[in-house]
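Grab a viewer and work through these exercises one at a time. Try each task before you read its solution.

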Amino acid sequence: MKMHIDIISVLPRLLDSPFSHSILKRAIDKELVEVNVIDLRDYAENKNRQVDDYAFGGGAGMVMTIEPIAKCIEALKEKRTYDEIIYMSPDGEVINQGMANFYSTQKNLLILCGHYKGVDERVREHFITKEISIGDYVLSGGELAAAVFCDSIIRLIPGVLSDETSALTDSFQDDLLSPPVYSRPADYKGMKVPDVLLSGHTKEIEKWRLNKSLERTKERRPDLYKKGDS
Ligand code: SAH
C-alpha cells in the first residue's frame, strides 16, 4: 500500500530539499510513498496571485484568505479521499512518536502549511480535520513543520528503513530513550567502549542496553519514565 501525501504551500521550493535526500528520497524512489507539493498561488484568481489580506479588526500581520485554500482543497478532494486534512499549527496537538506510528499507517494525507498570522479561522472550522504542532515555539511557516512531521511518519513505513528493526529501537518507542551507542575504534586515545558491548554475549548486551535506557529515561525524562512504569 503506497502512502500519498499532498502538501499545500505558498513556498513549494522550501520543501524541495527535505524530500530529495536520504531516507525520504529512498522511500519515494522505492514507491512506498508519493509526496506532491501544490502551489497555493495556482488557486488565487487575482492577477498578483495574492493569497493573503489584512485581518478584519485590524492589528499587525496578514492572514491567509479562505478563497484560494477552499478552491485548492475542494479540487484535491475530487481526486482523492483523505484520511485526514491537517493544518500545521503551533496550537495543534504536539506530535509524538505514538502519533507518528499512527499516521504512518494512513493512506492519504493532505497537509496545509500556513504563513504570516496563519489562515482564516473558517478554513480551520470547515476544511481541516486535524491540527498538528511540532512543538511549543513559533516558526515563520508550516513547511518546515510539515517536513518534520512527514519525516517522522515516512521512516516508519515498512520497507523504508533498510534494517526494519532499527525504528523499533529508537527513542520513545516503549516510552524509553535509546541507550548510548558506540562504534570503532574500541579504544580512542584511552576513551574506551564499555566491555560488555565487545563481549559478544547477546543476553548481557540486551540487559545492559535496557538498563542504560531506563537510567537515561529516569534522569532526562522523568515524565516518560513514570508513564512507562504505570
Ligand atoms: N499567529 C500564529 C502563528 C503563525 S506562524 C499563532 O500565534 O498561533 C505561521 C505558520 O507557521 C502557521 O500558520 C503554521 O502553519 C506554521 N507554524 C508555526 N509554528 C508551528 C509549529 N510549532 N508547529 C507547526 N506549524 C507551525
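**Exercise 1.** Which elements each supply at least two residues of the shell around the ligand?

*Solution.* Before we start: this is a predicted model, where local features need pLDDT of at least 70 and side-chain atom pairs count only at pLDDT 80 or more, while totals for chains, interfaces and linings use all residues. Residues are numbered from 1 along each chain as its sequence is written, and side-chain values use heavy atoms, with hydrogens and water left out.

Step one: get the elements, which are DSSP runs numbered from the N terminus (helices are H or I, at least four residues; strands are E, at least two). Step two: pick out β5, β7 and α5 (142-154), which each give at least two shell residues. Step three: β5 has the largest share, with four residues.

**Exercise 2.** Find which residues come nearest to the ligand, then sort the shell by residue class.

*Solution.* Start with the cut-off: a residue is near if one of its heavy atoms lies within 4 Å of the molecule. There are 20 residues around the ligand, and Y87, M88, G114, Y137 and L139 come nearest. Now sort them: ten are nonpolar, nine polar and one charged. In this scheme Ala, Val, Leu, Ile, Met, Phe, Trp, Tyr, Cys and Pro are nonpolar, Asp, Glu, Lys and Arg are charged, and the others, Gly among them, are polar.

**Exercise 3.** List polar contacts of the ligand (N or O pairs within 3.5 Å), then work out how much of its area the protein buries.

*Solution.* Take the oxygen first: a ligand oxygen atom sits 2.7 Å from an N or O atom in the side chain of Y87. Next come the nitrogens: a ligand nitrogen atom is 3.4 Å from a polar backbone atom of S89, and a ligand nitrogen atom is 3.0 Å from a polar backbone atom of G135.

**Exercise 4.** In what order do the strands of the open sheet run, and which are the edge strands?

*Solution.* Strands count as paired if DSSP finds at least two bridges between them. That gives five strands in the order β2-β1-β6-β5-β7, with parallel pairing. The edges are β2 (33-39) and β7 (130-133), each pairing on one side only. As a check, look at β5 (residues 84-94) and β6 (residues 108-112): four bridges join them, and Y87 stands opposite L112 in β6.

How values were computed. A polar contact is a pair of N or O atoms within 3.5 Å; within protein, one must be able to donate a hydrogen and the other to accept it, and residues adjacent in sequence count only if both atoms are side-chain atoms. Accessible areas come from the Shrake-Rupley method with a 1.4 Å probe; for residues, only the protein chains shown count as cover.
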